[in-house]
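Here is a short briefing on the model shown below. Keep the structure open while reading.

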Amino acid sequence: MTSAVSFRKVSRHFGSVRAVDAVDLDIVPGEFFAMLGPSGSGKTTCLRLIAGFEQPTAGEIRIFDEKADGVPPYRRNVNTVFQDYALFPHLNVLDNVAYGLMVKGIGKAERRRAAEETLTLVKLPGYGARKPGQLSGGQRQRVALARALVNKPKVLLLDEPLGALDLKLREQMQEELKALQRRLGITFVFVTHDQGEALSMADRVAVFNDGRIMQVGTPSEIYERPQSRFVADFVGSSNVLPPDFVQRYSGQRRWGSLRPESIRIGRNVSGDGVAAKLVSASYLGATTRLALDAEGLRLHATVPSGAALPPEGETVTLTFNREHLHLMEEGA
Amino acid sequence: MRSDRSQSAPLGLKIAAACGLLFLHLPLLLIFVYAFTTEEKSYQWPPPGFTTQWFAVTWSRPDVWQALSLSVQVAAISTAVALVLGTLCAAAVSQTRFFGRETISLLVILPIALPGIITGIALRSAFNLAEIPFSFWTIVLGHATFCVVVVYNNAVARFRRTSGSLIEASMDLGADGFQTFRHVILPNIGTALLAGGMLAFALSFDEVIVTTFTAGQQQTLPIWMLEELVRPRQRPVTNVVAMVVVLVTLLPILAAYYLTRDGDQIAGAGK
């Protein structure tokens, strides 16, 4: 099957900095693909390589089986929603949305109709006459989305599009983006450093670190079966357990991970559990996050709020189902 | 500390400010007054009588028209050259990173900081060495050296405020380089260029020193005025011309001020 986007040993070096280092990647047509990683991990450079703002130092990029190297951004059937939205300040909303059609030479009546239609799609009908400066952050984001979608791209690239929005708006936009992607069937490639965002929206997630992809998989694979310490640590604050700790419970000398919600807290010290001192408890709403110290090993557990907790400084017993202890690949 | 803008300044400060303004602008008024005097050989105070005849005399003197026409042409062409070169230079310095960028930025601005006489001497000896005869075009070249700076400064400030991703967004939406320039870059830097161009025009229009060194037999308007001052006849004609020059240079500068002020608001609101 043809990939929407495929990378074959793609590298992008800036001097001695390997922003993207021999990355292999296949994005399936019609999927919602997230690139997740800390800042400087190469995810945005990968997006810019797809858009054509960067050219690979080595390797080959194909977009729907067409070679992309050397093709300038304006000849790629790919559109981008920029992090700062990059709306044209001198044009009104309608002309912003119609810009792509205008430069392609489509007639005024036709492009106005298409722009209005797309504005309705992003729930901003009737906003055409306003200037970008008169819109709120969330509205600008929708205009940026409409401006990209009106061109009917084969791949839509989104560069941390929700980063500038407040929490409530962000959650609402997450749902809308996902619904929009299902409806249009366009391949979405989404860059984010927010684990929750990546896991909740994407069909598949690629976790980046130091210019390389550490793991690609569905959100549940990434979350439940991290292949490396980095992924376990970065995707949702898993407890990373050293080999001698893991050996006691699994018999294998490997690094392991244990999700905070898999740990149960007991007050009685029993033979099977791990004795740990309760360092602090932070109330997070539905859950409470506990910081624990088990013989020098720092662990986190989340428990439902409302359960009776021992006072801070008390020694408690930690238990967990051994099936939840995930072993990482050797050498991870 | 409280900052009360409504509270008025102390009296002493007010007087000092008024004196400063008077010192700057009274001499200008004197020039205007002498344009109407009946005494033509010297500037006598108070003027013995008032007349408007010098306006007619000025109007009918061909040397005034020649000098004016030369000045307008020089200013127009220098400004045009400066608009092209200054904008290109500003685009390069603000949009890309390269070795020696700050140095080049400084070198571009330097001509306006240098005393005109040094620019003048340097250009004159350079023209001599290259055996370029002094002409209309050498004056234009001389003026362009400082006109470029004015345009560059205006354009670079606007470029810095214009998000670089606008250009990428335009390219992303299918616009090639030329379309991006026409539909995105030019509308965003347009007012800055107009302002820079007007300032450049005004600077060139009343330039004396560089012109002295780079002109051949031609007389631009300011040079003509300088020569006219040492002649004992029809002195008020110079004052009439001076009045015109003040108005001609003041209007573009005022316009430039208003244009960039509005431009700031537009650029700021778009972010």
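**Chain and domain contacts**

In this predicted model, 20 residues of chain A are in contact with 20 residues of chain B. Strand E6 (78-81) and helix H2 (93-103) of chain A each supply at least two residues to the side of chain A that touches chain B.

Side of chain A that touches chain B
- H2(A) gives the most to this side of chain A, with three residues.
- By class, this side of chain A has eleven nonpolar residues, six polar and three charged.

Domains of chain A
- Chain A splits into domain 1 (5-233) and domain 2 (237-327).
- The centres of domain 1 and domain 2 of chain A, taken over C-alpha atoms, are 38 Å apart.
- Six residues from domain 1 of chain A and five residues from domain 2 of chain A make the contact.
- Helix H8 (residues 229-234) of chain A provides three residues, the largest share of the side of domain 1 that touches domain 2.
- That side of domain 1 of chain A has two nonpolar, no polar and four charged residues.

Helix H10 of chain B
- Which residues of helix H10 (residues 221-229) of chain B are buried? They are Leu221(B), Pro222(B), Trp224(B), Met225(B) and Glu228(B).
- These residues cover an arc of only 155° around the axis, so they sit on the same side of H10(B).
- An α-helix has 3.6 residues a turn, so residues three or four places apart point the same way.

Methods. Residues numbered from 1 in each chain as written. Chains lettered and ligands numbered in written order. Predicted model: local features only at pLDDT ≥ 70, side-chain atom pairs only at ≥ 80, totals over all residues. Contact = placed C-beta atoms within 7 Å. Helix = DSSP H or I, 4+ residues; strand = E, 2+ residues; numbered from the N terminus. Nonpolar A, V, L, I, M, F, W, Y, C, P; charged D, E, K, R; others polar. Buried ≥ 20, exposed ≤ 12 C-beta atoms within 10 Å, placed from the backbone. Arc of directions from axis to C-beta. Domains from an automatic or database assignment.
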